[in-house]
Amino acid sequence: FAESSCRFLVEVAAENALAFEEAMAGHVVARLGHVTEDGFLRVRGLRGQAIVECSVEGVRRAWQSAEVV
């Protein structure tokens, strides 16, 4: 997913994460998170504090009902 002309968000299967990080050696790369099976989207701050915690179903409903202005 392209965030801008110089940033990308890449989804990598857990078993390929190390190979991906090795392939990106020399570039600025950060692991942002991982997929769980509990049905929640959680975003934590740099100190581990909860920033966002909501159900994936709630996020899906909000996304699908969003109006374009």
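1. Starting with the lining of the largest pocket: it has 21 nonpolar, five polar and eight charged residues. Keep in mind that this is a predicted model. The pocket has a volume of about 1600 Å³, and 34 residues line it. Leu-9, Val-10, Leu-32, Gly-33 and His-34 lie nearest its centre.

2. Where does the lining come from? Helix H1 (17-23), strand E1 (40-44) and helix H2 (56-65) each supply at least two residues. E1 gives the largest share, with five residues.

3. On to E1 and its partner. E1 runs antiparallel to strand E2 (residues 50-55), and five bridges join the two. Phe-40 stands opposite Ser-55 in E2. The two strands form a hairpin with five residues between them, and Gly-48 in the turn has a positive phi of about 90 degrees.

4. Glu-53 forms a salt bridge with Arg-42, with the closest N and O atoms 3.3 Å apart. That pair links distant parts of the chain, since Glu-53 sits in E2 and Arg-42 in E1, eleven residues apart. Arg-42 also forms a salt bridge with Asp-38, at 2.5 Å between the closest N and O atoms. As for accessibility, Arg-42 is partly exposed at 33%, as are Asp-38 at 39% and Glu-53 at 46%.

5. The structure holds five salt bridges. One of them joins Glu-57 to Arg-60, where the closest N and O atoms are 2.3 Å apart. Because these residues are three apart in helix H2, about one helical turn separates them. Glu-57 is partly exposed at 37% relative accessible area, and Arg-60 is partly exposed at 34%.

Methods. Residues are numbered from 1 along each chain as its sequence is written. This is a predicted model: local features need pLDDT of at least 70, side-chain atom pairs count only at pLDDT 80 or more; totals for chains, interfaces and linings use all residues. Side-chain values use heavy atoms; hydrogens and water are left out. On a 1 Å grid over the protein atoms alone, a cavity is a set of points where a 1.4 Å probe fits but cannot get out, and a pocket is an open set with protein on both sides within 12 Å along at least five of seven lines; lining residues have an atom within 4 Å of a point. Grid points are joined across faces, edges and corners, and a volume is the space filled by probe spheres set on the points. Helices (H or I, at least four residues) and strands (E, at least two) are DSSP runs, numbered from the N terminus. Ala, Val, Leu, Ile, Met, Phe, Trp, Tyr, Cys and Pro count as nonpolar, Asp, Glu, Lys and Arg as charged, and the others, Gly among them, as polar. Two strands pair if DSSP finds at least two bridges between them. A salt bridge is a side-chain nitrogen of Lys or Arg within 4 Å of a carboxyl oxygen of Asp or Glu. Buried means under 20% relative accessible area, exposed over 50%, partly exposed in between (1.4 Å probe, protein chains only).
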